Amino acid sequence: MLSQNLMEKILDYAVSHGADFAEIFCEDVRRSNLTVLGEKILNSSSGREKGVGIRLFKGLESAYLYTSDLSEAEIFRLLEETCRYRDGSFERAALEAMRRVSLNPISRYPQSVSLKDKMALANRVVSAGKKADETVSQVRVNYVDMDQKVWIANSEGLFVEDNRVKTRLHMTVFCEEGGDRQSSYVGPGAMKGFEFYDEINVEDYVKQAAKKAKAMLHAKACPTGRMPVIITNGFGGLFFHEACGHSLEASGVAKGNSEFSGKLGQKVASDKLTLIDDGSTPGQWGSLKVDDEGVPSQKNVLIENGILKGYMVDKLNARRMGCAPTGSSRRQSFRFAPTSRMTNTYIAPGESTPEEMIAATERGIFVNSINAGSVNPATGEFNFNTSETFLIENGKITTPVRSATLIGTGGDILQKVDMVGNDYALGQGFCYAASGALYIGAGQPTVRVTEMTVGGDQA
């Protein structure tokens, strides 16, 4: 990391050359990756990267510079190129004593685990997957881990160190029968070390994936039209993450580029729906002790019983909106300026059971998995592809269907949630936006939307 003395010199230079706020983000991260297909290792890699990013505010303007060269000479060369103005001098607060924070203790750091042990974990998955069903033709496993240390200091006196350790196991099972081939994926992960794999049963996860892949064999074409849609619990929450979560980030709200701009206190969703973003939950994939501006993460209630209660806000947009940051500022690495982003975003549990929702649906679709899609935060318009999708007919799940697409707007869909389940679960994934690729949690109980446009390939 940079020395405290050098950080103080950087901050002094910035505020004496016109910046009214200056921030330093220093990062040292180690990552490793192992990919196995059957008994064959496709890839095994590890790496380490260090760097620093410096952000400057002047009113509502900002500048960002970064480098992997941590020498004083290089950092000040960049500062001199950026700070070309001398129109005033601002005061800065002395740096506090450095606070070391961590969301949860780590008992087995990834760097202490041998490749042999990681390979043994992957082999357990492959073996269990192939034994799960006679239709299983192949099992793919991707193990990843990260140990990220960050130091954040700013001209307001903040000085904090955070250690973020994460690991995840991506498992894909392929099933074949009668010339048809289907796959299913599951990917448990946590803000924990290798001890995470002592806490979960990886064999159960891969058996679950095998069961789902087999269920999709010989899927039929999906019907097209307006119909009820039931979205399963856990990572089904990615649907609401994309459909309305991005529209609640201050990066769009502050500029009026969101369908939810200026609607605090208004009814924007069904009474059944409460939407929360919480980066403070210990051990979760999207959690942080402090965000990438050093602000403590917290539970942010965004929508409560249908009423818009708040947004996810970073420091710069807090200035624009005249409010306080919410611990929601994130970045992929030192190469990215931070902005408001989601952490663990989820719909709070309700009172219905999945069985009740299915029984109450005469004709519709049941979605087990949301894939990639697109959303326009300004209008809320979305388009998502699904997998592991089934018809609901006469109150029962029946035929598997392929190539289903969900189409609509976030604001409209929020109003049409009429049943929320009691089976809450949180899934793990990645989110790609302005400040890079981020670890996120997305969750919900099973949810029913009364009507949605479903695109399919049924003639």
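A charge is taken to sit over a ring if NZ of Lys or CZ of Arg is within 6 Å of the ring centre and within 35 degrees of the ring normal. With that in mind, colleagues, please turn to the structure, which is a predicted model. R331 lies over the face of F25, at 3.9 Å from the ring centre. Likewise, the charged end of K166 sits over the ring of W285, 5.8 Å from its centre.

Because Y13 belongs to helix α1 and F76 to helix α2, the pair ties together parts 63 residues apart in sequence. Y13 counts as buried at 17% relative accessibility, and F76 does at 13%.

Another pair is Y143 with Y197, tilted because the planes meet at 55°, with the centres 6.0 Å apart. This pair links strand β5, which holds Y143, to helix α4, which holds Y197, across 54 residues. Y143 is buried at 1% relative accessibility, and Y197 at 4%. Ring pairs also link Y143, F194, F196 and Y197 into a cluster.

Finally, consider helix α5, residues 202-215. Its N-terminal end is capped by N201, with a side-chain oxygen 3.0 Å from the backbone nitrogen of E203. Which residues of α5 are buried? They are V202, V206, A209, A210 and A213. Down the axis of α5, these buried residues fall within an arc of 100°, so they line one face of the helix. They pack against α3, β5, β6, β7 and α4.

Technical notes. Residues are numbered from 1 along each chain as its sequence is written. This is a predicted model: local features need pLDDT of at least 70, side-chain atom pairs count only at pLDDT 80 or more; totals for chains, interfaces and linings use all residues. Side-chain values use heavy atoms; hydrogens and water are left out. Helices (H or I, at least four residues) and strands (E, at least two) are DSSP runs, numbered from the N terminus. The expected span of a helix is 1.5 Å times one less than its number of residues. Buried means under 20% relative accessible area, exposed over 50%, partly exposed in between (1.4 Å probe, protein chains only). The arc is that of the directions from the helix axis to the C-beta atoms. Contact means heavy atoms within 4.5 Å. A polar contact is a pair of N or O atoms within 3.5 Å; within protein, one must be able to donate a hydrogen and the other to accept it, and residues adjacent in sequence count only if both atoms are side-chain atoms. Rings of Phe, Tyr and Trp (its six-membered ring) pair if their centres lie within 6.5 Å; planes under 30 degrees apart count as stacked, over 60 as edge-to-face and the rest as tilted.
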